[in-house]
Amino acid sequence: ADLGRMVGKAVGRPSIHVLNPPRALVKLAAVAGEVVGRVRGTAGLLNLDKFREVQAGWWTCDPARIRTTLGFVPLRTLDQRLQQTADWYRQEGWL
């Protein structure tokens, strides 16, 4: 939800509404996407692999170890990099 809000801000959306649909509905959509993808011969936006990724839970990490061990500090914040990415997408005509 937080990442979605950050991306929304980067692309200029004033507010983002985070939806939490029932798991069964998402799985049904993933199965449908899987079938459509197989018929078309392409991977759909939502398929069973994506469904499994979503179900894996929190996708977070703590950068403390790399900072203390290697002294790594990113040159830009996540917000700045998301803005940079959104700007590139606009430049390429994808947004």
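This is a predicted model: local features need pLDDT of at least 70, side-chain atom pairs count only at pLDDT 80 or more; totals for chains, interfaces and linings use all residues.

Residues are numbered from 1 along each chain as its sequence is written, and side-chain values use heavy atoms, with hydrogens and water left out.

**Exercise 1.** Find the salt bridge between D2 and R5, and describe where the two residues sit.

*Solution.* Start with the rule: a salt bridge is a side-chain nitrogen of Lys or Arg within 4 Å of a carboxyl oxygen of Asp or Glu. The side chains of D2 and R5 meet at 3.5 Å, N to O. Next, locate the pair: D2 and R5 are three residues apart in helix α1 (residues 2–10), so about one helical turn separates them. Helices here are DSSP runs of H or I with at least four residues, numbered from the N terminus. Finally, check the exposure, where buried means under 20% relative accessible area, exposed over 50%, and partly exposed in between (1.4 Å probe, protein chains only). D2 counts as exposed because its relative accessibility is 58%, and R5, at 42%, is partly exposed.

**Exercise 2.** How many salt bridges does the structure hold? Describe the one between R52 and D49, and then the one between D87 and R90.

*Solution.* The structure holds five salt bridges. In the R52 and D49 pair, the closest N and O atoms are 2.9 Å apart. Both residues lie in helix α3 (residues 48–55), three residues apart, about one turn of the helix. R52 is exposed at 51%, whereas D49 is partly exposed at 48%.

Now turn to D87 and R90, whose side chains meet at 3.3 Å, N to O. Helix α5 holds both D87 and R90, three residues apart, about one turn of the helix. D87 is partly exposed at 39%, and R90 is partly exposed at 36%.

**Exercise 3.** Which residues form a nonpolar patch on the surface?

*Solution.* Patches are made of residues with over 30% relative accessible area and no salt bridge; nonpolar side chains (Val, Leu, Ile, Met, Phe, Trp, Tyr) are joined within 5 Å, and like charges within 9 Å. W88, Y89, W94 and L95 form the patch, with about 470 Å² of accessible area together. Such areas come from the Shrake-Rupley method with a 1.4 Å probe, and for residues only the protein chains shown count as cover.

Conventions
Helices (H or I, at least four residues) and strands (E, at least two) are DSSP runs, numbered from the N terminus.
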